[in-house]
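I opened the model and looked up a few spots. My notes follow.

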Amino acid sequence: MLLCVCIPNYTLAVARRDRPDLGDVPALLADKPDRGRVVALDERARGDGARVGQTVLQACASANDAYVLVHDPIRSRAVWSDMLDALDAVSPLVDDSAEGLAYLEMRGIDGDPQTWIDRTHLALHEFDLPVRVAVGPSKFVARAAAYVDDGRICAQKEAASLVAPLRIEILDLDPRTIERLELLGVRTLGELARLPHGPLVRRFGKAAATWHARACGDDPTPFLPRAHELQIDASLYGEGTADREEQLYFALRMLADRVCSDLARVGKGAAMLYATFECESGEIRRIDVGLAQATADPRTMLDVVRAKIEGKAFQSPVTGLRLQAARLEELGTPATLFAQREPDTQAIALALARLEAALGAEGTSVCTQAAHRFERRFAYEPFAVPAGGAGQSVASLARPVPQLRLLAVREIAVTMRGNAPALVGSPPRAVMDCAGPWRIEEGWFDGPVTRDEYDVLLEDGELYRIYRQGERWYVRGAYD
């Protein structure tokens, strides 16, 4: 037997609960405060002509005495999560189908169905919402029983007769399908159950098989219990401010110690950290910190978090900190066999964090493109492993091509001999070989650029790209 917990018009019920001063005034629920659309409404507003999907202006024109509420999805989800946690006291197996609709597996639970219903109402009493509870042999039948009457208990042999008078809208069909069924004279589940199964499925598709089964009092939908979430975090609020890096890192070390202590108790490691910083100015910044391997080591967590926030600037002192562990995994004992060949996961995590801090969360790669000016021959694009990259032959990598690394443009001293550079830099270094010049002329519209570029091999083995613009010389890059 399954127990169904249903709250009709859940989002509107939560919004109305937070406004007890409204009383019995008809209400509309809009998705946003300005130029929003109606996402839910009560029966009185529906009776006045308002409909879901209308703009707030259109709905208020029909139900001119209705009060407009704004949907808060975060608040709505938080209330429902608290209700699901409260239902754990009734049964450890809870199927979270949607906000305002849940099913409980009651097999092996002490008591009879009426006791289960009373226990559920008692567990949810503090939420002050219009909860309807019913018991049935399947998910759909239990929901239909809750729709018919709060506290209804339906056995398997009564299922077909219970659902027969209900309208087909309870199947959550789209309006177009409902219209097609009504053209066939099908308005209730009883009329749908009398249709032959084969022709119905051939005409409406395989989804019609589920409609027909539910109309006959059966429901093939499986019961899917929700996974229990374990949240581990630590926070510091109201204990002063941190306006220097040392103070901030000390507070982070304290939080890392607390989080790792809690992780050690449950024998788990965290593969992701969420660090939230609340500043004196009201700014709240969250930084996601990914770890190369799940860990419960506070030193590793602190090093990676510190690498992620290097280079970031806060506009005002930090007044609050929160460090939350996520993506928890079971921690096993590291294998020592051939351990000297295993990479250092802490070093990998630290390197990745520093790369993300420098380049962003999404990796980028450099590609070349056709351009006259050297600075425009490179572009950055999201990193992706090329197809067949793993099977690249060794022969293609046997003779690597020197790669030019761009440097900050700076002026240098160059001594010419004939038409080629002879000495470069200060102190001067002799040029052993030279290639060029390559004349660059472009940009007549946004500022003309005319220069001569050279590749020079110096006596110390360094290979540079230099160029002459007017009477001055500049260095642009070095070959690796």
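**Trp438**

I checked Trp438 first: its relative accessibility is 36%, so it counts as partly exposed. The cut-offs I used are under 20% relative accessible area for buried, over 50% for exposed, and partly exposed in between (1.4 Å probe, protein chains only). This is a predicted model, where local features need pLDDT of at least 70, side-chain atom pairs count only at pLDDT 80 or more, and totals for chains, interfaces and linings use all residues. Residues are numbered from 1 along each chain as its sequence is written, and side-chain values use heavy atoms, with hydrogens and water left out.

I placed Trp438 in strand 17 (residues 429-442). Helices (H or I, at least four residues) and strands (E, at least two) are DSSP runs, numbered from the N terminus. Leaving out residues up to four places away in sequence, I found Trp438 touching Arg451, Asp452, Glu453, Tyr454, Asp455 and Arg465. Contact here means heavy atoms within 4.5 Å. Tyr467 lies 29 residues from Trp438 in sequence, and their C-alpha atoms are 9.0 Å apart.

**Helix 11**

I then turned to helix 11 (residues 207-215), where Ala208, Trp211, His212, Arg214 and Ala215 are buried. Viewed down the axis, the buried residues of helix 11 fall within an arc of 165 degrees, so they line one face. That arc is taken over the directions from the helix axis to the C-beta atoms. Their cover includes helix 6 (139-148) and helix 10 (197-204). Gly217 follows helix 11, with a positive phi near 95 degrees.

**Hairpin**

Last, I looked at the hairpin of strands 15 and 16, which has 2 residues between the strands. Gly418 has a positive phi there, near 75 degrees.

Technical notes:
Two strands pair if DSSP finds at least two bridges between them.
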